[in-house]
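The following note sets out several points on the model under review, for discussion.

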Amino acid sequence: DYGMRAVKSVLTAAGNLKLNDPEGEETVMLLRAIKDVNLAKFLSQDVPLFNGIISDLFPGVELPVPDYQLLLDALHDNIAKMKLQSTPWFIQKIIQIYEMMLVRHGYMVVGEAGGGKTSAIYALKGALTDLANAGLMNSEKVQTKILNPKAITMGQLYGQFDPVSHEWTDGVLAVSFRDFASAQTPDRKWIIFDGPVDAVWIENMNT
């Protein structure tokens, strides 16, 4: 993916790594950034192809395992509170969501119904909030607003113009976004569209 948005995401991720470790090896940082930004998007059959390309681009470069121990401990605690199991696969998906969150302001978590998408987001929210309360990992508390985009009309979601009164009425998303944008707290603020994706509401958001 050589689109400008993808390249910018890689550069942003690499820049964040460089800020955290100014003396680090830049080749390793770039490899880490490329993996963090792209790996979560691939299907399982695409991962070996991606790893093959990476090994050709960065021959002999060994990628150190990031130290997420504090985050993992908080995740295990929150998953237990949710009466769920901390399987390696579930933990891996939550870590991928976290790494994607660091480099993108918006993204989609896609999967079958009942696959654990919402639970993964809630577990990550709880873990980051616990870390913030403990003053660890420079984390911030997480505030969320959850919408089901299929439960209301497009006008109610984004806003609509009244052809009779010629007045504009803000939608739920506009009000939620304004509330978060005007808040003075340093908390992370997530607006979560938890529901089925269709071409209408997702393309309206893109516009």
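In what order do the elements of the protein run from the N terminus on?

1. Overall architecture. The order is α-α-α-α-α-α-β-α-β-β-α-β-α. This is a predicted model, and it contains nine helices and four strands. The C-alpha trace spans about 70 × 40 × 35 Å along its principal axes.

2. Burial and contact range. The protein has 207 residues, of which 30% count as buried. Among contacts with a separation of 6 or more, 61% are between residues 24 or more positions apart.

3. The largest nonpolar core. This core comprises 22 residues; the members that touch the most others are Leu71, Leu75, Ile94, Tyr98, Leu124, Leu128 and Trp190. Two or more residues each come from α4 (69–81), α5 (88–103), α6 (117–134) and β4 (188–193). In soluble globular proteins, nonpolar side chains tend to be buried together.

4. When neighbours within four places in sequence are set aside, the contacts of Leu75 are Ile91, Ile94, Ile95, Ala123, Leu124 and Ala127. Another core, of 11 residues, lies apart from the largest one, and its members include Leu31, Ile34, Phe50 and Phe58.

5. Packing of α5 with α6. The axes of these two helices come within 10 Å, and the crossing angle is roughly 65°. Angles of 65 to 115 degrees count as roughly perpendicular, and α5 and α6 are therefore roughly perpendicular to each other. The crossing in which α5 passes α6 is right-handed. From α5, the residues involved are Phe90, Ile94, Ile97, Tyr98 and Met101; they meet Ser119, Ala120, Ile121, Ala123, Leu124 and Leu128 of α6. Classified by residue type, this contact has 10 nonpolar residues, one polar residue and no charged residues.

6. Packing of α2 with α5. Helix α2 covers residues 26–38 and packs against α5 at an angle of about 110°, with the axes 8 Å apart. That angle makes α2 roughly perpendicular to α5. The crossing of α2 and α5 is left-handed. On the α2 side the contact is made by Arg32, Asp36 and Val37, and on the α5 side by Glu99, Met100 and Val103. By class, there are three nonpolar, no polar and three charged residues in the contact of α2 with α5.

7. Asp36. Is Asp36 buried or exposed? The cut-off for burial is under 20% relative accessible area, so Asp36, at 12% relative accessibility, counts as buried. This residue is found in helix α2. Apart from neighbours within four places in sequence, Asp36 is in contact with Glu99 and Met100, both of which are α5 residues in the contact with α2.

8. Ala13. Which residues does Ala13 touch, not counting residues up to four places away in sequence? They are Ala33, Val37 and Val103. Val37 and Val103 also take part in the contact between α2 and α5. Ala13 itself lies in helix α1, residues 4–20. With a relative accessible area of 6%, Ala13 is buried. The C-alpha atoms of Ala13 and Lys35 are 10.0 Å apart in space, while the two residues are 22 residues apart in sequence.

Definitions and conventions
Residues numbered from 1 in each chain as written. Predicted model: local features only at pLDDT ≥ 70, side-chain atom pairs only at ≥ 80, totals over all residues. Heavy atoms only, no water. Buried < 20%, exposed > 50% of the residue type's maximum accessible area, 1.4 Å probe, protein only. Contact = heavy atoms within 4.5 Å. Core = buried A, V, L, I, M, F, W, Y, C linked by side-chain atoms within 4.5 Å. Axes fitted to C-alpha atoms, helices over the stretch in contact; angles between N-to-C directions. Parallel < 35°, antiparallel > 145°, perpendicular 65-115°, else oblique. Left-handed = near helix turned anticlockwise from the far one by under 90°. Nonpolar A, V, L, I, M, F, W, Y, C, P; charged D, E, K, R; others polar.
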